[in-house]
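Here is a short report on selected residues and elements. Please keep the sequence and the 3D view open while reading.

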Amino acid sequence: MTLDDHDRAGYAIALEQASLGAGEGGVPIGSSILENGVLLGAGRNRRVQNGDPTAHGEIDALRNAGRRASYAGTTLYSTLAPCAMCSGSIILFGIRRVVVGEEKNFPGELELLRSRGVEVVVIDDPKATALMEDFVAEHPGLWNEDIGVDEAPPAPAR
C-alpha cells in the first residue's frame with residue numbers, strides 16, 4: 001500500500017509527537033487525526049508527564065481533536081499498534097482507518113480493529129521501531145506499566 005500526501009503528513013506529525021514525548025521522558029508513542037488532509041488533533045503518550053494512566057498517544061490526539069458529531073471520515077495515525085483501550089476508542093468513535101508505524105515492539109489490537117471493519121495499514125517504519133526498541137531496552141519497567149504487564153517478582157532462592 002502506498003501512502004498518499006495526506007498519509008505522509010499525518011504520519012510525520014505522529015512521529016514528531018513520539019519524539020517530543022521521548023524528549024520529555026515519556027513513552028515515545030505519537031498520534032494524529034486528519035480529515036481530508038486537515039489536522040484535527042495530535043498527541044503523544046503523556047502517562048509519565050501527566051501522571052494519567054489513560055493518557056496514551058491516541059487518546060491525547062482524540063482529546064486535542066475535541067468533540068465532534070462524527071469521526072467517520074477521519075484517519076488516525078499512530079507510531080505503534082494501538083492497545084485495547086485505544087482500539088476501543090477507535091471503534092467507539094467510528095474511526096474507519098488507522099495507519100500504524102510499527103507492530104514489532106507491541107502487536108496491539110490490530111485484529112480487533114480489522115474484525116470491526118477498520119482499515120488498518122501498517123507501514124513498518126524503521127524510525128518508529130528503533131525509537132520503541134531503545135525505549136523498551138532502557139525502561140522495561142515503565143514499558144510494562146504502560147502496557148499493563150505486571151513485572152514478576154524474582155523467584156525465591158532455594
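Helices and strands here are DSSP runs, numbered from the N terminus: a helix is H or I over at least four residues, a strand is E over at least two. The model is predicted.

**Two loop residues with positive phi**

N36 sits in the loop between β1 and β2 (38-44). Its phi is near 50°, a positive value in a residue other than glycine. N36 counts as exposed because its relative accessibility is 67%, over the 50% mark. D124 is found in the loop between β5 and α6 (126-138). Its phi is near 55°, again positive and again in a residue other than glycine. D124 is partly exposed, at a relative accessible area of 40%.

**The record and its span**

An unreviewed UniProt entry carries the annotation "domain: CMP/dCMP-type deaminase" for residues 3-120. Over residues 3-120, the chain is 40% helix and 24% strand. The end C-alpha atoms of this span are 12 Å apart.

S31 belongs to strand β1 (residues 30-35). S31 is buried, with a relative accessible area of 0%. The side chain of S31 reaches the backbone oxygen of Y77 at 2.7 Å. With neighbours within four places in sequence left aside, the contacts of S31 include A14, Q17, G57, L76 and Y77. A42 and G43 are also among them.

R44 lies in strand β2. Is R44 buried or exposed? R44 is buried, with a relative accessible area of 9%. The R44 side chain makes a polar contact with the side chain of Q17, at 2.6 Å. Beyond neighbours within four places in sequence, R44 is in contact with Q17, L20, G21, E24, I29, G30, A55, H56, G57 and D60.

**A helix residue: I13**

I13 is part of helix α1 (residues 5-23). Which residues does I13 contact, leaving aside its neighbours within four places in sequence? They are S32, L39 and A42. I13 and P126 are 113 residues apart in sequence. In space, their C-alpha atoms are 16 Å apart.

**Strands β4 and β5**

Strand β4 (residues 97-102) pairs with strand β5 (residues 119-122). The pairing is parallel and spans four bridges. Within it, V100 has V122 in β5 as its bridge partner. The chain runs from β4 through helix α5 (residues 110-115) to β5. This β-α-β crossover is right-handed.

A disulfide is a covalent bond between the sulfur atoms of two cysteines. The cut-off is 2.5 Å. The disulfide count is zero. Both cysteines count as buried, C83 at 14% relative accessibility and C86 at 1%.

**Accessibility at a glance**

| Residue | Relative accessible area | Class |
|---|---|---|
| S31 | 0% | buried |
| C86 | 1% | buried |
| R44 | 9% | buried |
| C83 | 14% | buried |
| D124 | 40% | partly exposed |
| N36 | 67% | exposed |

Notes. Residues numbered from 1 in each chain as written. Predicted model: local features only at pLDDT ≥ 70, side-chain atom pairs only at ≥ 80, totals over all residues. Heavy atoms only, no water. Buried < 20%, exposed > 50% of the residue type's maximum accessible area, 1.4 Å probe, protein only. Polar contact = N/O pair within 3.5 Å; in protein donor to acceptor, adjacent residues only side chain to side chain. Contact = heavy atoms within 4.5 Å. UniProt positions renumbered as here; feature names shortened; annotations may be inferred. Pairing = 2+ DSSP bridges. Right-handed = clockwise from strand over helix to strand, strands pointing away.
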